[in-house]
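Student: I have a model to read. Where do I start?
Tutor: Start with the terms, then take the features in turn.

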Amino acid sequence: MASQDHHAGCAPVRRHPRWRTALVLMVLTSCLGLSLWLVSRHLPIPFVDEGVHFAQIRQFLEGDWHQHPKLTTLTLYHASMALVLMTLQTLGDWLNLPLATATMTGRWPQMPSVDWVRGLSLVGFSVMAFLLWRALPQGYRRLAPSLEAHDARHQASRQCWQWLWLPIIFPYLALVYTDPWIIALVALQLVALVREQRLLLLVLIMAGLGLRQDSIVLLGLWGGLLLCLTHHKAVSEARMAGLATPLRAPLSRLSTWWALFINWWWVLGLPVVAFLGFLLWNGGIAMGDTTRHQAGWHTGNLGYYLAVIGMVFLPLWLSDLPRQWQGMKRACSREGWRQGMPLLLLAVGLWLVLAMSFELTHDYNFQRWTIRNVWLMWWNEHPVARWITLLMSTSVAFWWLRAPLRLGHGGLLLVMLALMICTRELIETRYMLPLITVYQLLRVPERPAVERAMTLWAMAMGVMLLAGLVLTRTLP
């Protein structure tokens, strides 16, 4: 068999033993446990937004099931944590053990300590991440039937490992935040969509709305990816049968879209109905202090978030720069200037729009003692640096626009990025976590050297920002 593989030009498949998988899981568990210990040691009291989330959980534990006045999201996360803590407390009473208590004699409302809530939040995210790791290989094989099971598992392990360590994700894992649970649910929703498990997808979408109601915007992304999935399947089946590419005729496309609507309307329609009911009941999207999150249109956000994407996926973006340079050379040549000049004008126009529309208006961005986004403040004080950085953002936009994904290219993700982050005032990088998650799990792997660099970069940045959290109390 090995000689046949070698004769066919294929390297023999190396199957990793189970002990290696167990070792990786042990290392990961140790890293997560160490991060929890560091955060609990250096941040013994609730930190920034942990305060309101922890207060809501404590309020539930005291028997008050009303919304906390400073909480702007729905309370599925907080109710889940409170119910688990109540179960632990009851179990501790039965076994005469001080489970989920701040002291040996702690009882309501003195318990729980913030360390317990942080630990349970990390465990909840870890369970969802484990389910993703187990389900992702089947999703990859569904998108690429020719992919071997071993290769699918290897790619899923690498993509999940990098995703877990991405620098704007890892520091939040040991905090009482809804963000880790949201990104895990988004990843599971993506797998359910690829595997066409409609009922499971509906349940996960409703759970996501219960964690954060503005995740309703992801329905547009799921609808677009569903169209891409249908086209991808049709093209793959046509290639296997040796037929022409389907879905070119307008009537064929209309019939395909109508069939999708018939099969999936309730998956997208029921969350919309639930969201409209929530709007009528609440009188707006945000809950609590709605003055903190006023709706609007802020084009300048796009440049900042594209710059963040370029930093998060720095090895991938750098590997694309030679292709961009070759494209620019072709555009400036005599033969290609007619086709390339519109792209150059588009790039210059995008650069001007991003640089001239940038503004800092939300008061959170000026509170150095809370978020302390030094990069934003530096941009605000040095316009030349902002223009130079946004030139990089323009390059990142072109890279993300045509980045190869397992369902086409990244154009849909770029459009969704603009719709999701330009509708609110510039605050924090964590608002782009869902789209970064979708991109990381859907992207086509680069050559091995680039992937190794991406893995090392993600781990280094994650550790650095965790150190910044515990030493300087700074969140990305």
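Tutor: Buried means under 20% relative accessible area, exposed over 50%, and partly exposed in between (1.4 Å probe, protein chains only). Helices (H or I, at least four residues) and strands (E, at least two) are DSSP runs, numbered from the N terminus. This is a predicted model: local features need pLDDT of at least 70, side-chain atom pairs count only at pLDDT 80 or more, and totals for chains, interfaces and linings use all residues. Residues are numbered from 1 along each chain as its sequence is written, and side-chain values use heavy atoms, with hydrogens and water left out.

Student: How many residues of helix α17 are buried?
Tutor: Ten of the ten residues in α17 (433-442) are buried. Among them are Pro 434, Thr 437, Tyr 439 and Gln 440.

Student: Is Tyr 305 buried or exposed?
Tutor: Tyr 305 is buried, because its relative accessible area is 1%. Tyr 305 belongs to helix α11 (residues 300-312).

Student: What is a salt bridge, and how many does the structure hold?
Tutor: Side chains of opposite charge can pair when their charged atoms come close. The rule here is a side-chain nitrogen of Lys or Arg within 4 Å of a carboxyl oxygen of Asp or Glu. The structure holds nine.

Student: Which parts of the chain does the bridge between Arg 158 and Glu 451 link?
Tutor: The closest N and O atoms of Arg 158 and Glu 451 are 3.6 Å apart. This pair links distant parts of the chain, with Arg 158 in helix α6 and Glu 451 in helix α18 (residues 448-472), 293 residues apart. Both Arg 158 and Glu 451 are buried.

Student: What about Glu 446 and Arg 323?
Tutor: They form a salt bridge, with closest N and O atoms 3.8 Å apart. Glu 446 sits in the loop between α17 and α18, and Arg 323 in helix α12 (residues 314-332), 123 residues apart. Glu 446 is partly exposed because its relative accessibility is 21%. Arg 323 is partly exposed too, at 40%. Salt bridges that share partners join Asp 320, Arg 323, Arg 402 and Glu 446 into one network.

Student: How many disulfides are there?
Tutor: A disulfide is a pair of cysteine sulfur atoms within 2.5 Å. By this rule there are zero. Cys 31 is partly exposed, at 24% relative accessibility, whereas Cys 160 is buried, at 10%.
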